[in-house]
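Work through the exercises below with the sequence and the structure open. Each task is followed by a solution in steps.

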Amino acid sequence: FTSTRDSHYCQISWQIPVDHREGQEPFMIQAHQDLFKPLKMSLMMLPGISSTIMKTVRTISTAWQLTGKVHTSSPCDSKTNTPEIKPMKKKPKKKPVKTQPPPALCSILVCGEHKTIQKELGHDLLIDVLAGFILSKDIQVSKVALMSNISVYRKNLDLIIRRRDLPQDLDPEIKVGRFSPKDDRIIKENWSYLLKQTKRESHLEENEAIEQIFVSSEKDQGLKKNILGYFLSQGLPTSRLATEVFNRAKILLCAKKGDFTPDEDKIIADFVKREGRKWSMLSEQLRRVNVDSVKRRYEMLGLDYKCGPYTAKEDEILLREVFIANKNILTNGSILSDDWKRIGEKLRRNPWNVRKHWSGCLEPTLLRHHAGTLHMDVRKVLIDHLLEHQMNYAQDVNWKELVKLPKFAGSTTRYLQRKFDSMRTNTGKMYPELSEEQLTTEAIQRWYNISKRNSTKKKEEYHEELVAFYLANIYPVVRDK
């Protein structure tokens with residue numbers, strides 16, 4: 001009896017008798033470690049072994065992994081393949097979620113301006129009633145936000161507040177922008193609660209209240225709006241300026257989304273005829289967040305643009321024209337609006353749609369070809385990366401930094417954002433019961449794992465034809481220049 005040991009593995013060798021009857025195949029037994037018995041008992045388990053034959057000696061080696069199985073086999077059959085015992089793979093440890101401590105709080109009346117406003121409030125304007133209710137409750141607010149009681153006026157819905165619009169010495173603890181679905185839910189719930197608690201007239205509908213507070217209010221009501229902003233901030237996980245929260249509530253409650261209606265088309269046509277191309281004023285009247293979308297809608301009215309998928313011939317024309325406009329477009333990434341308009345007219349397509357097709361399809365195809373990642377499924381890589389770094393929503397991602405990582409070589413920020421948005425939309429369709437807040441990266445991964453994979457053959461053929469045309473007709477000219 002001999003044995004060798006180390007900290008992970010034990011090799012035991014002994015001499016045991018083995019009976020192999022004629023006409024029978026050699027035997028092999030596998031047993032769990034907890035069934036391992038003394039040698040004599042183990043041999044008694046084998047059929048056909050007698051005490052006389054037990055004196056026949058053959059050498060057999062049995063490998064016993066301390067945490068695995070006991071494997072005993074007969075050397076009579078040298079062709080028997082013993083399955084290799086592999087150590088269990090350790091699951092990668094998830095990085096601990098970094099949670100910020102809750103912001104320090106103080107009374108809203110710590111601000112002397114609020115005490116002055118409280119004494120001067122009337123009872124006629126709805127904003128006075130709401131502000132008076134909030135101040136009477138003496139709510140607790142973020143101390144660092146209250147110390148920076150800034151008021152920024154935004155008339156149009158498309159003009160969001162950015163950090164560059166704020167003082168340079170703004171406390172870094174104050175978060176600006178990147179509202180998550182959870183943040184939006186909290187703000188909307190706080191608004192509904194505030195309106196319910198201060199409703200003076202039963203006939204006052206929510207739409208009327210929204211109109212009075214967020215649309216018709218004046219610029220000089222900034223501090224009163226901030227008081228509302230502090231109330232709407234209740235429950236947010238980070239410190240935010242009251243003026244930004246108020247502006248966010250305005251976007252959430254007032255902005256229209258989706259396709260333009262026939263009524264809106266008429267308003268657009270009549271407004272431009274009467275007032276001219278004042279897109280900001282028109283978008284405010286329509287309550288549309290994106291001024292450019294209103295401008296594009298006007299340009300499409302009365303024009304017979306082609307719609308639908310682009311043909312191979314159209315892609316070739318588009319590639320040629322884009323590189324004529326800027327031979328270095330793959331490195332500096334832009335051409336003038338007039339160039340897009342010219343290309344759109346040549347293709348008889350909306351210039352904005354042409355630009356979108358370039359940035360969402362053609363440009364990423366060429367860049368990923370040069371990076372050698374053209375046929376890689378970037379969706380899985382993106383999901384795994386976001387999960388690893390606890391990024392649940394698009395707002396959690398710094399897309400400009402993300403595309404710099406080697407794993408996303410050849411991708412653009414717009415390309416990755418569209419991939420994420422597309423997967424999130426498909427997840428919502430598969431799980432309609434999920435709210436916006438519940439459509440996290442984890443939910444997207446669940447959709448990705450069980451969704452059917454359509455054949456990518458046609459797509460790969462399309463990419464190969466596009467790249468072949470580019471290499472034969474455009475790349476040599478660009479490279480020589």
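Helices here are DSSP runs of H or I of at least four residues, numbered from the N terminus. The model is a predicted one.

**Exercise 1. Describe the largest nonpolar core and state which elements give two or more residues to it.**

Solution. 
- Step 1: take the size. The largest nonpolar core holds 38 residues.
- Step 2: pick out the residues with the most contacts inside this core. These are I108, I134, W191, I213, F214 and L228.
- Step 3: assign elements. Two or more residues come from each of α3 (126–137), α4 (143–147), α5 (181–197), α6 (206–215), α7 (222–232) and α8 (242–254). The largest share, seven residues, is that of α3.
- Step 4: follow one residue. Not counting residues up to four places away in sequence, L228 touches I127, L130, A131, I134, L194, I213 and F246.
- Step 5: look beyond this core. Another core of 21 residues lies apart from it, and includes L318, L330, L362 and L367.
- Step 6: In soluble globular proteins, nonpolar side chains tend to be buried together.

**Exercise 2. How are α16 and α18 oriented to each other, and which residues make the contact?**

Solution. 
- Step 1: compare the axes. Those of α16 (residues 378–388) and α18 (residues 413–430) come within 10 Å and cross at roughly 85°.
- Step 2: classify the angle. Angles of 65 to 115 degrees count as roughly perpendicular. The two helices, α16 and α18, are therefore roughly perpendicular to each other.
- Step 3: name the residues. From α16 the contact uses V378, R379, L382, I383 and L386, and from α18 Y415, L416, K419, F420 and M423.
- Step 4: sort by class. The contact of α16 with α18 has eight nonpolar residues, two charged residues and no polar ones.

**Exercise 3. Summarise the whole protein: how many helices and strands are there, and what percentage of residues is buried?**

Solution. 
- Step 1: count the elements. The protein has 21 helices and seven strands.
- Step 2: take the buried fraction. Of the 481 residues, 38% are buried.
- Step 3: take the surface. The accessible surface is about 29,900 Å², and 51% of it belongs to carbon and sulfur atoms.
- Step 4: check sequence separation. Among contacts between residues at least 6 apart in sequence, 70% join residues at least 24 apart.

How values were computed. Residues are numbered from 1 along each chain as its sequence is written. This is a predicted model: local features need pLDDT of at least 70, side-chain atom pairs count only at pLDDT 80 or more; totals for chains, interfaces and linings use all residues. Side-chain values use heavy atoms; hydrogens and water are left out. Axes are lines fitted to C-alpha atoms, for helices over the stretch in contact, and angles run from 0 to 180 degrees between N-to-C directions. Angles under 35 degrees count as roughly parallel, over 145 as roughly antiparallel, 65 to 115 as roughly perpendicular and the rest as oblique. Contact means heavy atoms within 4.5 Å. Ala, Val, Leu, Ile, Met, Phe, Trp, Tyr, Cys and Pro count as nonpolar, Asp, Glu, Lys and Arg as charged, and the others, Gly among them, as polar. Buried means under 20% relative accessible area, exposed over 50%, partly exposed in between (1.4 Å probe, protein chains only). Accessible areas come from the Shrake-Rupley method with a 1.4 Å probe; for residues, only the protein chains shown count as cover. A nonpolar core is a set of buried Ala, Val, Leu, Ile, Met, Phe, Trp, Tyr and Cys residues joined through side-chain atoms within 4.5 Å.
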